[in-house]
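Dear colleague,

Please find below the structure that I am handing over to you. My notes on what was found in it follow directly after.

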Amino acid sequence: VQNLTNKLNLTSIQNGADSFELRIWCPVSAEIQNIITIRHIFSEWLITETYVWEKYPDRPFNLRDTSNQLLDVSIDSSRTKILLLKISKEKFIDTLLNKYIPRLPSTDSLRGSFAIGTNSERYIFEIADRKTYRFIEYFCPSSILNKQDLHDIVDTFLTYIRANLNT
């Protein structure tokens, strides 16, 4: 995430944000990222969706190569658009900030609660305000082993986002 943040020239929010910022990183495929950003800037709420097309250099396979080839990614192109809401912005933000964001489980609390299958999806949530930064990595599992209540919280959050954004 930090590598792509730098290459996209996005402001890092790891040390906090001016007011509030949520980034939802949703890989679409091996070469396409989708980033939903909800942030408070200049006394306004701005909700955007960015598609990023990535490009990886061709490399011959070498069993002894320990370099992280994912860091060699370059940005082929990107497209950002402002998203409109299906409900009032005030209601959407209030529900997001007071109902969903505080309840999102940490990556550590979800560890070991699922089996990753070939059809699993991965989301990354970056959440920052003036004082805090949270990084949550979530694999939508093909098989939940335990902690169903935590998976339900994330699923309900993602359903809320999908249901109320015109993507």
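Thr48 lies in strand E3, where strands (E, at least two residues) and helices (H or I, at least four) are DSSP runs numbered from the N terminus. The model is a predicted one, in which local features need pLDDT of at least 70 and side-chain atom pairs count only at pLDDT 80 or more, while totals for chains, interfaces and linings use all residues. Residues are numbered from 1 along each chain as its sequence is written, and side-chain values use heavy atoms, with hydrogens and water left out.

Thr48 has a relative accessible area of 13% and is therefore buried (under 20% relative accessible area; exposed is over 50% and partly exposed in between, with a 1.4 Å probe and protein chains only). Beyond its neighbours within four places in sequence, Thr48 is in contact (heavy atoms within 4.5 Å) with residues including Ile35, Ile36, Thr37 and Ile82.

Strand E3 (residues 44-55) runs antiparallel to E2, and 10 bridges join them; two strands pair if DSSP finds at least two bridges between them. Within this pairing, Gln33 stands opposite Val52 in E3. E2 and E3 form a hairpin with 2 residues between them, and Phe42 in the turn has a positive phi of about 50 degrees. E2 (residues 32-41) also pairs with strand E1 (residues 20-27), in the antiparallel sense over 8 bridges. There, Leu22 has Ile38 of E2 as its bridge partner. Of the 10 residues of E2, 7 are buried, so the strand is mostly covered.

Helix H2 comes next. The buried residues of H2 are Phe92, Ile93, Thr95, Leu96 and Tyr100. Seen down the helix axis, they fall within an arc of 165 degrees (taken from the directions from the axis to the C-beta atoms), so they line one face of H2. The face turned away from that buried side carries the exposed residues Glu90, Lys91 and Asn98. Among the elements that cover the buried residues of H2 are E1, E2, E3 and H4.

Finally, the structure holds 7 aromatic pairs (rings of Phe, Tyr and Trp, the last by its six-membered ring, with centres within 6.5 Å; planes under 30 degrees apart count as stacked, over 60 as edge-to-face and the rest as tilted). The rings of Tyr100 and Phe157 have centres 6.1 Å apart and planes at 50 degrees, so this pair is tilted. Tyr100 lies in H2 (residues 89-100) and Phe157 in H4 (residues 148-164), so the pair ties together parts 57 residues apart in sequence.

Yours sincerely
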